[in-house]
Amino acid sequence: MKVTFPHMGSMYICLKALLQYLDIDVVVPPMPSKRTLTLGTQHSPEFACLPLKINMGNFIEAYEQGADTIIMAGGVGPCRFGYYAQVQREILHDLGYNMQMIILEPPQKHISELIVKIRQITGERSWLDIIRAIRFAWYKARAVDEVERIIHRVRPRELEPGRADEVFKKALGWIDGAENKKQLDDAVKKAKCSLVRIPVDNSRNPVRIGIVGEIYVMLEPFANLEIERHLGRLGVEVERSIYLSEWINDHLFMGLLRIKGSKAAREYAPPYVNHFVGGHGQETIGSTVLFARERYDGVIQVQPFTCMPEIVAESILPTVSRDYGIPTFCLIVDEHSGDAGVLTRLEAFVDLLQRKKETVAEGAEKKGVLQCADI
Amino acid sequence: MRGYLGVDVGSVSTNIVLMDENENVMETLYIRTQGQPITAVQRGLEYIRDRVPAGMEIGGIGTTGSGRHLSGIIVGADSVKNEITAHAVAASKLVPGVQTVLEIGGQDSKIIILRNGVVTDFAMNTVCAAGTGSFLDQQAARLGIPIEDFGEIALKSGTPVRIAGRCSVFAESDMIHKQQMGHNLPDILAGLCEALVRNYLNNVGKGKEILEPVAFQGGVAANVGIKRAFEKALGFEITVPPHFNVMGAVGAAMLAREATRKTGRTRFKGFAITQEKFRAASFECGDCPNLCEVIEISGQDRILARWNDKCGKWSNAEVSGFRRKKIENLA
């Protein structure tokens, strides 16, 4: 059995660690690229959203490298994602690829539901081993997030653009290569040391933007056109509403661990969204409120084209924006997205925030309350 | 005395303005880009060079428009800014107290909302170019009228016909249909103006609070038919500022002035660049399956800049001899 899974940002590091800890053969699909997207788009329904297409590309590329079993997340609720695993299984079957699909549905009642599914993959391994493997994978997720948070801080302040990204790439490799907790700790330490050595200008007071929206597009740089790197280059400090480890805790551990998660975001969604609207629609609104309260300069919502929950959120964002005086911008991506147009809009949005920040700093706000609206 | 240059390289036109220290526009130039941005900038600057008054030195230069990065490298720009910011800056100077900017250019249209002189909101056409200058150009050519007369003829209309403006292809077939039904030319042109304005307000201007004073700029603002259609739809008068067709360049010059005020000196390479040979080439980087088509600008056997790579390997690279060798090996 050779197991593969779809990409979602740096999630491959945790999944690979988990499976390898249990001595299972793993095929990590090649990082998403134009080829992945072309393959995926070719074999997907046109009206499905971008995540399905990139997943399909991942599976096909993994199959080419010998994978025969896919681990895929399922889901329930109004978002179509819950149905994607089934659709993908049928498409792969029609293509004549003989691959088994194990679908991890989010546990409805108890975490044991997830364990049972893992059992299907792990066979006769002891429970203790499995728990140890999950714990190790969890540590890796935390490690990636820890480094990424520092990267977000360094990017807008570095004197030579691009240095932080170089280190980040290497650091992911170190974390990925760590075989035990000790090596993992060393990898994080090494990454931190390298990051500290990057020359930065700490006197800068960068514009701060919070990123909210659909989880896949938020976490997968290929899908969001590397928005974080572009914004960093424009001198913006980026913060994401959810990190990988938080998502894992929320969705796979059922929020068992007491770390910041989407629960807080949901609490701030009322009175704008009072109930679940599918996907992360509620969290998008709640996180925007949170970012506004934390005095961020602006919020960018990312979503794949035709994403229902995020469309709901998008139509509510202008109200939040007006109430809190925080400018918002919506980036919708699909396989036709062009870099140039997106960059122009991002630049304009950052300019808007920068000028607003300068005007406020000059005390000009006394002349009248600044009004903001959505974009 | 110091002068400031603004260069706006757009899809259809390349505009250059010369501005004095007090932000008075002294010279403007509007030429067609014709798909050759480098040549257009060089020709334009050559024209401006001969018109710079004696005793004026260039204190700064700024670029904007879709070709801003390319032209910025070539001229040595002090500020390289997107067209939304440039248009907003120019409008707030030339139309005092402006709260809304409607801009329709060759292939894009945008709306900018300003409050207290600060941009608070903007939008750009995303999926459709119906209603921009190129489409009007094309229809004028099809009807056999010069684009300059388009607006005047439309004003003669008594009862504009209703034309589907959602999509330029359907708009065209609808126009042909109306012609064959026997409607006269002014009514059709006025109908087209109204359809385009409707499309603009429903798509680009959707959900925006359009408050007076409104500035209407960009090449299409020359069309009085469109201006009147806007006024009819909004219910109040709109202003077409002086230099409406080169507003992006005016804004770029202002931004250059601002940028050099901070640094104290300009990076402008001088008018000699009009004679220099620049070369834009591209190569496909084969280091990963993304196969990025990296663009490389060189002048006088020296690589000036590279961009268009996803990972930043080429755009971040220090343009040194070592790197150049690497490219040669790659080719």
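Is Asp201(A) buried, exposed or partly exposed? Asp201(A) counts as partly exposed, because its relative accessibility is 24% and the buried class ends under 20%. The points below concern a predicted model.

1. Overall make-up of chain A. Chain A has 15 helices and eight strands. Its C-alpha atoms fill a box of roughly 70 × 45 × 40 Å along the principal axes. A compact globule of 375 residues would have a radius of gyration near 21 Å, and chain A agrees because its own value is 21 Å.

2. Burial and surface of chain A. Of the 375 residues in chain A, 56% are buried. The accessible surface is about 16600 Å², and carbon and sulfur atoms account for 54% of that surface.

3. Contacts along chain A. Take the contacts between residues at least 6 apart in sequence: 73% of them join residues at least 24 apart.

4. The largest nonpolar core. In soluble globular proteins, nonpolar side chains tend to be buried together. Here the largest nonpolar core holds 105 residues, and the members that touch the most other members are Ile209(A), Leu231(A) and Ile300(A). Helix α6 of chain A, residues 127-154, gives the most to this core, with twelve residues.

5. Ile300(A) in detail. Leaving aside neighbours within four places in sequence, Ile300(A) is in contact with Ile209(A) and Leu231(A), among others. Its other partners on that list include Gly210(A), Ile211(A), Val212(A) and Ile227(A), as well as Phe329(A), Leu346(A) and Phe349(A). A second, separate core has 37 residues, among them Ala123(B), Cys193(B), Val220(B) and Ala229(B).

6. Helix α1 of chain A. This helix spans residues 11-21 and is mostly covered, with nine of its eleven residues buried. The buried residues include Met11(A), Tyr12(A), Ile13(A) and Cys14(A), and Lys16(A) is also one of them. After α1(A) comes Asp23(A), which has a positive phi near 55°.

7. Salt bridges as a group. Side chains of opposite charge can pair when their charged atoms come close. Over all chains the count is 38 salt bridges.

8. Which residue forms a salt bridge with Lys192(A)? The partner is Glu146(A), with a distance of 2.5 Å from N to O. This pair links distant parts of the chain: Lys192(A) is in helix α8 (residues 181-196) of chain A and Glu146(A) is in helix α6 of chain A, 46 residues apart. Lys192(A) counts as partly exposed because its relative accessibility is 32%. Glu146(A) is also partly exposed, with a relative accessible area of 34%.

9. The pair that includes Asp201(A). The residue from the opening question forms a salt bridge with Arg204(A), at 3.5 Å from N to O. Arg204(A) has 34% relative accessibility and therefore counts as partly exposed.

10. A salt bridge between chains. Arg355(A) and Glu258(B) meet through their side chains at 3.2 Å, N to O. The pair joins two chains, because Arg355(A) lies in helix α15 (residues 339-361) of chain A and Glu258(B) lies in helix α9 (residues 247-263) of chain B. Arg355(A) is partly exposed, with a relative accessible area of 28%. Glu258(B) counts as partly exposed at 29% relative accessibility.

11. A buried polar residue in chain B. Gln217(B) lies in strand β9, residues 214-217 of chain B. Gln217(B) counts as buried because its relative accessibility is 0%. Its side chain makes a polar contact of 2.9 Å with the side chain of His87(B). Not counting residues up to four places away in sequence, Gln217(B) also touches Ala91(B), Val101(B), Leu102(B), Glu103(B) and Ile104(B), and the list includes Pro241(B), Phe244(B) and Met247(B).

12. An exposed loop residue in chain B. Gly182(B) lies in the loop between α6 (168-181) and α7 (185-203) of chain B. At 58% relative accessibility Gly182(B) counts as exposed, because the exposed class begins over 50%. Its C-alpha atom is separated by 14 Å from that of Arg162(B), a residue 20 places away along the chain.

Conventions: Residues numbered from 1 in each chain as written. Chains lettered and ligands numbered in written order. Predicted model: local features only at pLDDT ≥ 70, side-chain atom pairs only at ≥ 80, totals over all residues. Heavy atoms only, no water. Helix = DSSP H or I, 4+ residues; strand = E, 2+ residues; numbered from the N terminus. Buried < 20%, exposed > 50% of the residue type's maximum accessible area, 1.4 Å probe, protein only. Polar contact = N/O pair within 3.5 Å; in protein donor to acceptor, adjacent residues only side chain to side chain. Contact = heavy atoms within 4.5 Å. Core = buried A, V, L, I, M, F, W, Y, C linked by side-chain atoms within 4.5 Å. Salt bridge = Lys/Arg side-chain N within 4 Å of Asp/Glu carboxyl O. Rg over C-alpha atoms; globule rule 2.2 N^0.38 Å. Areas by Shrake-Rupley, 256 points an atom, 1.4 Å probe, with all protein chains shown as cover.
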